[in-house]
Amino acid sequence: MNTVETNIALAGLTSFGIAAKAQQLMRVDSVADVLQVLKAAEADAVPLTVLGGGSNVLCTHDVRGMVMKIEIMGRRIVAEDDATVTVEFGAGESWHDVVAWTVENGWGGLENLALIPGTVGAAPMQNIGAYGTEQASCAVSVTYVDRRTHTMHTLDADACAFGYRESVFKHALRDVAIITSVRYRLQRHPTVNTTYADVRNELQVRGVAAPTIRDVFDAVVAIRTRKLPDPAVIGNAGSFFKNPVVDAETYTRLRSANADMPAYPQADGTYKLAAAWLIDQCGWKGHRDGDAGVHVNQALVLVNYGGATGRQILELSKRIVASVHDAFGVTLEREVNVW
Ligand code: FAD
Ligand code: NAP
């Protein structure tokens, strides 16, 4: 196991690039390491924080105690038949690299989720999703260490309670489960998912009439590269807020006052609204308070122009929530994890 690193700058380990420090940091590349760090943190009576790729966290202060950085690697076929391949991935694997690898192998299911930053272990946390797919659509099971008992558990996908940017790991198992591996079932003869308008348009522009998973992967990479701010250039953690899901009555009220408001009907009769549209209507797109801002093209993405503190970003986010609530009566929920 690697040694304890002390007083570590988190700016380079988190995509917001906020200047905060971790009192102690240990990189773990095996389950045995996880257990050892757990024991050490308990023996020293210090808090333990789990870090993957740092692309969904906002540091509002230095992190006390121990940060455990998950670097458990591994890609292992655990089952296969004529139609499917089930692969277990170590929690520290890069999500995008894993998606690219499945596409190279001709295994379908994850291609719409190309270029999402971060690790495999964090993917089930908020059930990452994009361009009409969620990781839940391929997830078979999630294996984790229980921080309270130091025991290993495996939950099948149903028990993970995946929902829109939701899972049991954000609720009953928050601060309990340290995810060490995830299994995904992939299709040998995949059907592509082009339900998302941006993907269809990109394929059309490329002159692709009968897209393969490689075509969809390439299209998503191209769209995302064009549309989304690169954290290497400007600090951000992707969407800061979730898209609000409202009941039919609220939808009807809002729609009658805003005929151009985007809304997506859900299977259960609710409507998903586009948080970016609501924020944009309140005039926030491109807003800047010092080095904390709202991206010029993506109202859902808060950015650090270089010297913003986590508190400044958080304050800005609260003002946005208040103004959207005043204008529409809808409360935006945060997607990013605040430390
Ligand atoms: P981290 O930021 O390190 O951690 C996130 C949370 O999970 C923290 O609370 C952490 O404690 C916990 N955690 C991390 N690893 C583990 C583990 N192994 N076990 C237990 N807990 C753990 N998200 C989407 O859903 N869809 C998108 O399209 C998308 N696009 C993005 C685009 C950009 C430019 C950026 C910066 C972010 C985007 N995100 C998107 C958000 C982010 O990439 C995902 O949430 C990703 O899964 C976070 O992974 P991570 O390893 O960086 O997690
Ligand atoms: P977009 O295409 O401008 O669309 C705006 C919103 O409308 C999206 O949030 C999306 O919800 C919803 N939407 C669009 N078409 C839809 C459809 N056919 N069915 C249901 N909902 C639809 O969005 P964008 O900002 O460029 O992002 C593109 C994709 O990447 C989205 O899926 C988004 O979630 C994902 N993304 C996520 C993050 C993050 O950090 N979470 C960051 C960047 C991009 P959904 O978000 O539910 O798809």
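**Close-up 1. Left-handed crossing of helix 2 and helix 4.** In this predicted model, helix 2 passes helix 4 in a left-handed crossing. The axes of helix 2, which spans residues 95-104, and helix 4, which spans residues 213-227, come within 9 Å and cross at roughly 150°. Since angles over 145 degrees count as roughly antiparallel, that crossing makes helix 2 roughly antiparallel to helix 4. On the helix 2 side the contact involves H96, V99, A100, V103 and E104, which meet I213, R214, F217 and V221 in helix 4. Sorted by class, the residues in this contact of helix 2 with helix 4 are six nonpolar, one polar and two charged.

**Close-up 2. Packing of helix 3 against helix 4.** Helix 3, formed by residues 197-205, packs with helix 4 at an angle of about 105°, and the axes of these two helices are 9 Å apart; helix 3 and helix 4 are therefore roughly perpendicular to each other. Helix 3 contributes D198, V199, E202 and L203 to the contact, while helix 4 contributes D215, V216, A219, V220, A222, I223, R226 and K227. The residues in the contact of helix 3 with helix 4 comprise seven nonpolar and five charged residues, with no polar ones.

**Close-up 3. Surroundings of ligand 1.** There are 33 residues around ligand 1, of which V50, G53, S55, T119 and R224 come nearest. A backbone N or O atom of V50 lies 2.6 Å from an oxygen atom of ligand 1, and a polar backbone atom of P117 is 2.9 Å from an oxygen atom of the ligand. From R224, a polar side-chain atom lies 2.7 Å from a nitrogen atom of ligand 1.

Technical notes:
Residues are numbered from 1 along each chain as its sequence is written. Chains are lettered from A and ligands numbered from 1 in the order in which they are written. This is a predicted model: local features need pLDDT of at least 70, side-chain atom pairs count only at pLDDT 80 or more; totals for chains, interfaces and linings use all residues. Side-chain values use heavy atoms; hydrogens and water are left out. Axes are lines fitted to C-alpha atoms, for helices over the stretch in contact, and angles run from 0 to 180 degrees between N-to-C directions. Helices (H or I, at least four residues) and strands (E, at least two) are DSSP runs, numbered from the N terminus. Angles under 35 degrees count as roughly parallel, over 145 as roughly antiparallel, 65 to 115 as roughly perpendicular and the rest as oblique. A crossing is left-handed if the near helix is turned anticlockwise from the far one by less than a right angle, and right-handed if clockwise. Contact means heavy atoms within 4.5 Å. Ala, Val, Leu, Ile, Met, Phe, Trp, Tyr, Cys and Pro count as nonpolar, Asp, Glu, Lys and Arg as charged, and the others, Gly among them, as polar. A residue is near a molecule or strand if one of its heavy atoms lies within 4 Å of it. A polar contact is a pair of N or O atoms within 3.5 Å; within protein, one must be able to donate a hydrogen and the other to accept it, and residues adjacent in sequence count only if both atoms are side-chain atoms.
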